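Subject: Structure handover

Hello,

Here is the structure I promised you. Please open it first, then read my notes alongside it.

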Amino acid sequence: MCELLGMSANVPTDICFSFSGFLHRGGGTGPHRDGWGIAFYEEGGYREFRDPHPSVDSPIARLICEYPIKSNVVISHIRQANVGGVRLANTHPFTREMWGRPWCYAHNGQLSDWQQLPLGVYTPVGTTDSEHAFCWLMGELRRCFPIPPASPQLLWSRLHELCEELRGLGVFNLLLSDGVYLYSYCSTKLAHITRRAPFGEAELSDAELTVNFIEHTTPNDIVSVIATEPLTQNEAWQRMVPGELLVWREGEIYARYGHSK
């Protein structure tokens with residue numbers, strides 16, 4: 001299956017370190033050779049790179065590692081194709097507009113009977129179950145909330161219900177963002193880590209690279225990373241549980257649905 005990578009931070013932060021390990025899973029240390037993509041939200045804008053070729057061999061992926069794009073929210077995906085051919089139109093992340101904002105989405109998993117999900121204003125460009133589910137999800141949210149709800153909790157609760165419906169069709173691990181909040185939903189497998197002062201060293205699992213975050217941060221920085229599998233081998237990542245939706249903002253968990261602790 002595919003793998004996901006996301007970041008939420010309280011200050012504009014680059015994802016070069018985490019992405020350097022993640023890209024090796026796209027045809028190097030992992031079998032996900034069927035394309036990759038990454039999206040950045042920056043100062044109210046949106047920037048996206050997608051490539052239908054393996055990330056481990058991609059000049060564009062190397063550019064991302066060497067060009068420290070500063071962002072508060074990042075979503076990335078490496079693909080192992082199940083439904084839909086290997087081509088740019090089927091490469092995550094996917095984007096749609098709602099309420100004047102670009103919504104970015106990436107999915108890990110495989111769904112059955114996904115063609116039966118009714119579509120409205122949003123329609124797929126490619127041929128994947130992932131993009132069809134995204135169009136259905138966005139359509140349902142827009143139908144429920146023609147304008148942004150006065151209470152964001154109403155949106156979050158409905159989003160969790162829709163994710164649960166999709167989990168009923170198979171494996172549905174999700175990253176979704178409107179540039180303000182980052183949503184992570186676990187069907188089978190997602191893990192996260194929050195880094196804050198006092199910062200220390202981290203060592204990648206998929207590449208020979210170590211970073212001392214204290215050299216690149218201030219005492220007020222908070223950066224959370226979400227991934228299908230932990231990216232470092234010397235840090236304590238937390239596993240999400242099936243059916244859990246986390247709402248992230250500025251590196252912190254704002255809300256949690258589907259699992260009480």
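Predicted model: local features only at pLDDT ≥ 70, side-chain atom pairs only at ≥ 80, totals over all residues.

**A strand covered on both sides**

Strand β7 has cover on both of its faces: N173, L175 and S177 are buried on one side, and L174 and L176 are buried on the other.

**Who sits beside β7?**

Take β6 and β7 to begin with. They run antiparallel and are joined by five bridges. Look for A106, which stands opposite L175 in β7.

Now turn to β8. Four bridges join β7 to β8, and this pair is antiparallel too. L174 has Y185 in β8 as its bridge partner. β7 and β8 also form a hairpin, with four residues between them. In that turn, G179 has a positive phi of about 95°.

A word of background: strands of a sheet pair through backbone hydrogen bonds, either parallel or antiparallel.

Step back now. The sheet is open and has six strands, in the order β5-β6-β7-β8-β14-β15, with antiparallel pairing. Which strands stand at the edges? They are β5 (94–98) and β15 (252–257). Each has a single partner strand, so one side of each is left without a neighbour in the sheet. On average, neighbouring strands of this sheet are turned by 20° against each other, direction ignored.

β14 (residues 244–249) pairs with β15 in the antiparallel sense, over five bridges. There, V247 stands opposite A255 in β15.

**Two helices across the sheet**

Find helix α3, residues 129–144. This helix lies across β5, β6 (101–108) and β7 (173–177). Its direction is about 15° to β5.

Then find helix α4, residues 152–167. Helix α4 lies across β6, β7, β8 (182–186), β14 and β15. It runs at about 35° to β8.

One last stop. I60, L63 and Y67 make a nonpolar surface patch of about 240 Å². Y67 lies in the loop between α2 (59–66) and β4 (71–78). Is Y67 buried or partly exposed? Its relative accessibility is 39%, so Y67 counts as partly exposed. Buried would need a value under 20%, and exposed one over 50%.

Best wishes

Conventions:
Residues numbered from 1 in each chain as written. Heavy atoms only, no water. Patch = residues over 30% accessible without salt bridge, like charges linked within 9 Å, V, L, I, M, F, W, Y side chains within 5 Å. Areas by Shrake-Rupley, 256 points an atom, 1.4 Å probe, with all protein chains shown as cover. Salt bridge = Lys/Arg side-chain N within 4 Å of Asp/Glu carboxyl O. Buried < 20%, exposed > 50% of the residue type's maximum accessible area, 1.4 Å probe, protein only. Pairing = 2+ DSSP bridges. Axes fitted to C-alpha atoms, helices over the stretch in contact; angles between N-to-C directions. Contact = heavy atoms within 4.5 Å.
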